[in-house]
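Me: I have a structure open and would like to go through it. Can we start with the terms?

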2 protein chains.
Amino acid sequence: MNELEYLKQLRSLPLHEGARGLEDDCAVLAIGEQTLVITHDMMAEGTHYLPDARMADVAWKLVSMNLSDLASKGARPVGVILGSSLGREDAEFLEGLRDALLAYDVPLLGGDTIAALGASTFAMTAIGEATHHPVPSRKGARPGDGVFVTGTLGAAMLGFEGKTQYVDAFNRPRARLEEGYALVPHVTAMMDISDGLMLDAWRMANASSVTFRLNPELIPVADSARFDDCIRWGDDYELLFTCPHGLDLPVGAIRIGAVEERRDAPIFLGGTPHAYAANLGYRHG
Amino acid sequence: MNELEYLKQLRSLPLHEGARGLEDDCAVLAIGEQTLVITHDMMAEGTHYLPDARMADVAWKLVSMNLSDLASKGARPVGVILGSSLGREDAEFLEGLRDALLAYDVPLLGGDTIAALGASTFAMTAIGEATHHPVPSRKGARPGDGVFVTGTLGAAMLGFEGKTQYVDAFNRPRARLEEGYALVPHVTAMMDISDGLMLDAWRMANASSVTFRLNPELIPVADSARFDDCIRWGDDYELLFTCPHGLDLPVGAIRIGAVEERRDAPIFLGGTPHAYAANLGYRHG
């Protein structure tokens, strides 16, 4: 079963209302007067990192990718729960984990450790507290809004390819938590760009039943000669959001396009429609 | 690194106070006036289930082992978060998951699905709400308390070995949630017996700085000819708890011994001291 089919089947199971139909990046759980935001991401050797990756970087990235989902909800991390497969370089993994927990000032809440055969798998659940209501989803983009990103795309790709100045962008990405807190009162929709701008923008536009008209000249990329790759590769963990036109934003985000009534395709890049998600970015499974 | 060493290193990381020093089965998180209980368990092919196991049973067991941890805290499940590796028999896995969610009336809150190479790994985080304060730990057993179990030990082992009448005990264990809710106001310490009575009793006595004197004639086992195996094999998910002497218990639990001041060893089985955890039960890593 591929990931899309599996996800479709998961959606037919009994779902918590906070699961948002498994159509968002996080679950949103009202507990008394507070709202928790919960996310879960896994990383597997061979799929999410190369067998020769430094395990300290893998641990850092596991924390960052989970906290990036909280950032996209404007949620403040409460703690993380770690599931580890014991394997090679466990001490290095723990050092990277320590670095990340200290850098983000996030404590470990618990977890499980197992011995596993073959490729290692790590799981993390991050729990955060909403700082603003409603907690944004992918669904709220409205015609007339602007489409924004918080930073340059393609840096992680160049780092993965070995360009020295970008190696940290790939190995040690930072979740945009501060940007998330600052933006959340203003946005109509927000998500992180983990699978590439084009694919994630397509998903947001589709979830919102609108069309994003993106202007290629406005999209900030790390290498303009590799424009198409930079907007598809992913792993940059910038925030993608929409908000009403003319707002004075509290952080330095870049306007890359506009939200329009739904047309033939969820996104247009310049004049070119992209009706289908295929080949727009990183696809699992 | 083996699991004990890894856990020791994890304890040196920045921990949330609700992590209970990573010395308990769950994290306990105060959110406003409510208290959440959170647990995480993983299952890996080859370590926790055989490559020819039915994936529907694996899914059931993943839910049961997580909810069993909530049961041991008297916590009512709110939802579960699933991390899946896509692989063989995904449809069967989903059917077993559906069976378990319906049987326990617990909804799915979210998750992540990945493609992984080699052996599959599944991760689950279960979130519950405490029904009683304080939430019990392994630490509260006091001299004078009785030591109890909620049911027969060794059934899962016999099921694993193929004894027809016990196959369900291995493949489809039930988390003792109702027993947990009923017992939690009365217990001084409680945990589930996932790794075998002897090892888990040793851990509880050790955490409580007391000695458990267990009476072999009182311990209920599925096969008295295999007594030593039944009290070591694990996977039965009965609750082990201590409570003050003479209490009228709300569920039919079996008194298997008494808590005494700490002596030479954390547990005595009849007259025999067991000072060390080695060979007492299932050890990971």
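Reply: A residue is buried if 20 or more other C-beta atoms lie within 10 Å of its own, exposed if 12 or fewer, and partly exposed in between, with C-beta atoms placed from the backbone. This is a predicted model, in which local features need pLDDT of at least 70, side-chain atom pairs count only at pLDDT 80 or more, and totals for chains, interfaces and linings use all residues. Residues are numbered from 1 along each chain as its sequence is written, while chains are lettered from A and ligands numbered from 1 in the order in which they are written.

Me: Ok. Is A:Glu179 buried or exposed, and why?

Reply: A:Glu179 counts as buried because 24 C-beta neighbours lie inside 10 Å.

Me: Where is A:Glu179 found?

Reply: In helix 6 of chain A, residues 177–183. Helices (H or I, at least four residues) and strands (E, at least two) are DSSP runs, numbered from the N terminus.

Me: What does A:Glu179 touch, leaving out residues up to four places away in sequence?

Reply: A:Ala71, A:Thr150, A:Leu239 and A:Val251. Contact means that the C-beta atoms of two residues, placed from the backbone, lie within 7 Å. A:Val251 is 72 residues from A:Glu179 in sequence, with 6.4 Å between their C-alpha atoms.

Me: New topic. What domains does chain A have?

Reply: Domain 1 (3–130) and domain 2 (146–274); such bounds come from an automatic or database domain assignment. Their C-alpha centres lie 22 Å apart. The contact takes 14 residues from domain 1 of chain A and 19 residues from domain 2 of chain A.

Me: Which element gives the largest share of the domain 1 side?

Reply: Helix 2 of chain A (residues 55–71), with 9 residues.

Me: And the chains, how many residues of chain B are in contact with chain A?

Reply: 57 residues of chain B, in contact with 57 residues of chain A. On the chain B side, strand 4 of chain B gives the largest share, 8 residues.

Me: How are the two copies related?

Reply: A rotation of 180° with 0.0 Å of shift along its axis superposes chain B on chain A, RMSD 0.0 Å. The copies are therefore related as by a two-fold rotation axis. Superposition is by least squares on the C-alpha atoms of residues with pLDDT of at least 70 in both copies.

Me: Which C-alpha of chain B is nearest the axis?

Reply: That of B:Gly118, 2.9 Å from the axis.

Me: Why do the copies meet through the same surface?

Reply: Because 100% of the interface residues of chain B are also interface residues in chain A.
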